[in-house]
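Here are my notes on the model you sent over.

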Amino acid sequence: MELGGQFADKYFTYVMDMLRHASATAVQVRLDQMQTQDYDLISYMNNLREGICEAYAGIIQGLQTDGKGSISPPPKPWSCSDLFTTVVDLLVQHAPFILSLINHIAQDKVRTEEVSRAAVGVIGF
């Protein structure tokens, strides 16, 4: 399903907020520093991290290929100073969360190849 500019106009703020919360959960546990090997938790965290990275990569790629370059202001209750007019402006405000997740993944030695690939996909290599 291709939403293009509709995604940016209607859903971007909400989806990125949800991904920010999921990213916060994903960086709370360093799998390589756990005292016990809980394989269910390791599998869950790797799947969570992979899914978050794939979502970030899809959003970034979708906004880049949309060609729209600008979107409508986010819904109320935003103040005038919170309005963003370009896709770049929207992504920049989420960069700390995205980069924190990628940094955490890079430091955690107990990760699957799929998680590594997904994290690299966010960066765009």
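**Notes on the model**

1. Let me begin with a pocket. The second largest pocket is lined by Ile 60, Gln 64, Leu 91, Val 92, Ala 95, Ile 98, Leu 99, Ile 102, Val 122 and Ile 123. A pocket here, on a 1 Å grid over the protein atoms alone, is an open set of points where a 1.4 Å probe fits, with protein on both sides within 12 Å along at least five of seven lines; lining residues have an atom within 4 Å of a point. Its volume is about 150 Å³, taken as the space filled by probe spheres set on the points, with grid points joined across faces, edges and corners.

2. Please keep in mind that this is a predicted model, where local features need pLDDT of at least 70 and side-chain atom pairs count only at pLDDT 80 or more, while totals for chains, interfaces and linings use all residues. Residues are numbered from 1 along each chain as its sequence is written, and side-chain values use heavy atoms, leaving out hydrogens and water.

3. Which elements give two or more residues to the pocket lining? By class, the lining has nine nonpolar residues, one polar and no charged ones (Ala, Val, Leu, Ile, Met, Phe, Trp, Tyr, Cys and Pro count as nonpolar, Asp, Glu, Lys and Arg as charged, and the others, Gly among them, as polar).

4. The chain has five helices and zero strands (DSSP runs, H or I of at least four residues for helices and E of at least two for strands, numbered from the N terminus). Of its 125 residues, 31% are buried, meaning under 20% relative accessible area with a 1.4 Å probe, protein chains only.

5. The largest nonpolar core has 26 residues, and Phe 12, Met 16, Ile 52, Cys 53, Tyr 56, Leu 101 and Val 122 have the most contacts inside it. Such a core is a set of buried Ala, Val, Leu, Ile, Met, Phe, Trp, Tyr and Cys residues joined through side-chain atoms within 4.5 Å. α2 gives the most to this core, ten residues.

6. Leaving aside neighbours within four places in sequence, Ile 52 is in contact (heavy atoms within 4.5 Å) with Leu 19, Ala 22, Ser 23, Ala 26 and Leu 101.

7. On α5, the buried residues are Val 115, Ala 118, Ala 119 and Val 122. Seen down the helix axis, they fall within an arc of 100° (from the axis to the C-beta atoms), so they line one face of α5. Gly 124 follows α5, with a positive phi near 105°.

Terms used: Buried means under 20% relative accessible area, exposed over 50%, partly exposed in between (1.4 Å probe, protein chains only).
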